[in-house]
Amino acid sequence: METAVQNNHLFFVDPRFYFWILSFALIVSAIGVVLMRNIVHSALSLCLSFICTAGVFVVLGAEFLAAAEVLIYAGAVTILILFAIMLSQRIIGRDMIYRNRQSIWAMFVSIAMALILIGIYATGDWSYKPTTEPSMANNVRMIGRSLMITYTLAFWVASLMLTIAMIGSLFLAKKD
Amino acid sequence: MASWVFIFVQILVKRIYKMPQIIPVYHVLVVTSIIFSIGLYGALSRRNAIGILMSLELMLVAGNINLVAFNNMIGPQYTLQAFSAAQDVLSPVGQIFVIFVITIAACEVSLGLALIIAMYRHYRSIDIDNINLLKW
């Protein structure tokens with residue numbers, strides 16, 4: 001009797017296995033972000049979902065984006081959100097009612113949105129031919145090259161926009 | 001009964017492993033649409049303004065994963081157009097889109113949190129239902 005799983009078909013070298021585990025963790029932590037009663041727990045669950053997103057990026061072959069996701073989102077944005085929570089609540093953890101009176105309708109709308117999106121996606125043809133060897137160093141090098149050659153204007157505009165947003169948020173949060 | 005279950009699992013495993021070992025784009029799309037809907041629910045039903053901002057971040061994350069998956073799907077064609085020497089390397093067009101989306105999301109988060117802190121100074125509360133100055 002031959003074995004069903006061949007030697008080169010081990011499940012732990014299969015990227016789909018990691019993708020399913022990471023997407024399950026991502027969905028669970030996203031539900032935690034939405035449904036947690038305490039806003040600090042919700043922010044920590046958001047950090048976990050960002051880390052799972054970085055794992056999904058690695059599985060999909062975008063290593064540079066995974067590093068950027070961990071640095072920017074899981075590092076900076078979560079800390080920023082936690083500081084904003086600490087600055088804007090009188091007593092941490094015991095605050096107001098956490099959902100409003102339209103939450104039932106919001107649940108209907110979001111479930112309908114998910115079903116409509118999945119149904120629309122099911123009508124398309126998503127087959128593609130994979131490349132032979134997506135290499136990590138080439139990936140980062142190609143990102144750098146096209147960011148510096150093809151998309152230079154967008155890069156400059158993005159940096160200008162970051163500066164403007166920094167100045168604007170300083171001006172808004174300034175005590176007057 | 002147990003043998004039927006065993007045979008069914010074996011057929012399922014064979015069918016799964018007969019497919020090429022790439023992540024199907026449709027699975028990625030299903031996962032991201034679920035995450036987008038969760039974020040939509042949070043943005044519609046939270047009363048805390050920071051909770052709404054976090055739900056917006058979830059929706060942006062879903063869009064980013066979609067862009068990376070589409071980059072895997074249509075990347076090689078654009079690689080041949082843009083860089084004639086590289087044939088087997090994934091083109092980073094979708095990943096560059098994701099970099100700009102991350103930049104815009106960072107701007108959005110910093111401005112939104114500054115607005116929330118200014119709002120808290122003025123009203124001593126960040127409950128969205130209480131803040132109805134611009135409502136009709």
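B:Val5 is found in helix 1 of chain B, where helices (H or I, at least four residues) and strands (E, at least two) are DSSP runs numbered from the N terminus. With 9 other C-beta atoms within 10 Å, B:Val5 is exposed; a residue counts as exposed at 12 or fewer such atoms, as buried at 20 or more, and as partly exposed in between, with C-beta atoms placed from the backbone. The C-alpha atoms of B:Val5 and B:Pro92 are separated by 44 Å, and the two residues are 87 apart along the chain. The model is predicted, so that local features need pLDDT of at least 70 and side-chain atom pairs count only at pLDDT 80 or more, while totals for chains, interfaces and linings use all residues. Residues are numbered from 1 along each chain as its sequence is written, and chains are lettered from A and ligands numbered from 1 in the order in which they are written.

Chain B has four helices and zero strands, in the order α-α-α-α from the N terminus on. Buried residues account for 44% of its 136 residues. Helix 2 of chain B (residues 25-45) contains 21 residues and spans 30 Å from its first C-alpha to its last, close to the 30 Å expected at 1.5 Å a residue; the expected span is 1.5 Å times one less than the number of residues. Because 16 of its 21 residues are buried, helix 2 of chain B is largely enclosed by the rest of the structure.

Chain A comprises six helices and zero strands, and its pattern along the sequence is α-α-α-α-α-α. Of the 176 residues in chain A, 23% are buried.

The two chains touch one another: 68 residues of chain B are in contact with 80 residues of chain A, contact being defined by C-beta atoms, placed from the backbone, within 7 Å. On the side of chain B that touches chain A, at least two residues each are supplied by helix 1 (2-18), helix 2, helix 3 (49-82) and helix 4 (93-123) of chain B. Helix 4 of chain B provides the largest share of this side, 19 residues. By residue class, the side of chain B that touches chain A holds 47 nonpolar, 14 polar and seven charged residues; Ala, Val, Leu, Ile, Met, Phe, Trp, Tyr, Cys and Pro count as nonpolar, Asp, Glu, Lys and Arg as charged, and the others, Gly among them, as polar.

Helix 4 of chain B also packs with helix 6 (residues 152-173) of chain A, at an angle of about 10 degrees and with the axes 8 Å apart. The two helices are therefore roughly parallel to each other, a term used for angles under 35 degrees. Among the residues making this contact are A:Ala158, A:Met161 and A:Leu162 of helix 6 of chain A, and B:Ala106, B:Cys107 and B:Leu111 of helix 4 of chain B. The residues of this contact comprise 16 nonpolar, four polar and no charged.

The largest nonpolar core contains 59 residues, of which A:Val56, B:Ile35 and B:Ile50 touch the most other members; such a core is a set of buried Ala, Val, Leu, Ile, Met, Phe, Trp, Tyr and Cys residues joined through C-beta atoms within 7 Å. The largest share of this core, eleven residues, comes from helix 4 of chain B. Leaving aside residues up to four places away in sequence, B:Ile50 touches A:Ile39, A:Ile81, A:Ala84, A:Ile85, B:Ile116 and B:Ile126.

Technical notes:
Axes are lines fitted to C-alpha atoms, for helices over the stretch in contact, and angles run from 0 to 180 degrees between N-to-C directions. Angles under 35 degrees count as roughly parallel, over 145 as roughly antiparallel, 65 to 115 as roughly perpendicular and the rest as oblique.
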